[in-house]
Amino acid sequence: MFKKIYLIFVFPFLLLANEIKIGDEVNVVGVRTNYLTGYGIVVGLNKTGDGTTTKFTLLSIANMLKKMGIYIDPKDVKTKNAAAVIVTANMPPFAKSGMTFDVTVSSLGDAKDIGNGVLIRTPLYGPDKKVYAFAQGPVSTGGGYSESNKGGKVQKNFTTTGVVMNGGIIERDLPFDFDKLSNLTLTLKHPDFAKAREIARVINDAFGKDIAFAVDSATVKVNYPQHIKKVDFVAKVLNLKIKRYNEPTIVIYERTGTVIMSGDIKIDTPVYVSHGNIYVSIQKEPIVSQPQPLSGGDTVQTQKVTTQVTEENGRIFALDSPSLKDLVKALNDLGISPRDLIAIIQAIKNAGKLHAKIVIM
């Protein structure tokens, strides 16, 4: 019943490099991704799409066919092989016509699984309601699946959200002219007064003049020096190196149950964890239903469904070591699943015992 946990570690010795590029720690104001959104239809599903009660899907299919010259009443659309979806994407900075990017596809209706379907060409809109890109292609849900029948359902990962790799293509350039910027503004990804001051110092030392200054813990402004091309200047600034500020981090991919831990993660001991699970098992047996004599009925085969719910007794374990390795070993010994691990890590963090940044994707 239990499944061993395999976590991904980025060992601290890999992070012991003392320097890091400024470009890895900051964003350039004006050079940012832009959110795009669209509404589309995924087709080619194996009866796992929206049901007939999802009216907007039926109406969308009828409208799509109408544009292709096929007229059909939405009431006559009975397919379960299609699903209405919201398509989202991050448009990269300086995006030019013809560039491709990944898009995320999320079900809107009651579809069970949109994996292996095909997203029909979908316009993607920017905040100004203009179409900047189109998306199309096969949908991948990362190996998840969902099966259900009378009295039972089995599901792995989120099958109602998927990705179309390189499925978006830019059709309209962004209205942004980098050459018109009067100065360079850097914003720190993780605001810190000491880091902002060091970035300004490194830039001033590199160019031999006071052209950079820290505005606050999150902003550093840099005046463009004369007789240097802006692109060359920005490239040089972003390639300058500062002292690395390591921060222990735990990254959790909640959809897939993947947990990545890096840095010197500390735990205040002792920590006591109580954990229990509820397991649901469903068994189906074929049975033959025999009619009463002279009743005129027919013998039919049906199924007997038995559902059993088992609740584990709460298990308590103590963690006396501040080592992350010991925590993982204890969880492995107990047969904790990755999803239970997420809940335990968040609980320890909320209790103030875990000193690391948690990022949930």
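The dialogue below covers aromatic pairs, charges over rings and backbone angles in a predicted model.

Biologist: What should I know about the model before reading it?

Modeller: It is predicted; local features need pLDDT of at least 70, side-chain atom pairs count only at pLDDT 80 or more, and totals for chains, interfaces and linings use all residues. Residues are numbered from 1 along each chain as its sequence is written, and side-chain values use heavy atoms, with hydrogens and water left out.

Biologist: How many aromatic pairs does the structure hold?

Modeller: Rings of Phe, Tyr and Trp (its six-membered ring) pair if their centres lie within 6.5 Å; planes under 30 degrees apart are stacked, over 60 edge-to-face, and the rest tilted. This structure holds two such pairs. Phe207 and Phe233 have ring centres 4.9 Å apart and planes at 55 degrees, so that pair is tilted. It links distant parts of the chain, 26 residues apart: Phe207 belongs to helix H2 (residues 193-207) and Phe233 to helix H3 (residues 230-239). Helices (H or I, at least four residues) and strands (E, at least two) are DSSP runs, numbered from the N terminus.

Biologist: Are Phe207 and Phe233 buried or exposed?

Modeller: Buried means under 20% relative accessible area, exposed over 50%, and partly exposed in between (1.4 Å probe, protein chains only). Phe207 has a relative accessibility of 17%, so it counts as buried. Phe233 is buried too, with a relative accessible area of 1%.

Biologist: Which residue forms an edge-to-face pair with Phe233?

Modeller: Tyr224 does, at 5.6 Å centre to centre with 70 degrees between the planes. Tyr224 is also buried. Phe207, Tyr224 and Phe233 form one aromatic cluster.

Biologist: Which charged residues sit over rings?

Modeller: A charge sits over a ring if NZ of Lys or CZ of Arg is within 6 Å of the ring centre and within 35 degrees of the ring normal. Arg121 lies over the face of Phe134, 4.9 Å from the ring centre. Arg172 has its charged end over the ring of Tyr132, at 5.6 Å from the centre.

Biologist: Which residues have a positive phi without being glycine?

Modeller: Most residues other than glycine have a negative phi. Lys47 has a positive phi of about 60 degrees, and Asn116 one of about 70 degrees.

Biologist: Where do Lys47 and Asn116 lie?

Modeller: Lys47 is in the loop between strand E4 (34-43) and helix H1 (55-67); at 62% relative accessibility, Lys47 is exposed. Asn116 is in the loop between strand E6 (100-107) and strand E7 (118-125). Its relative accessibility is 74%, so Asn116 counts as exposed.
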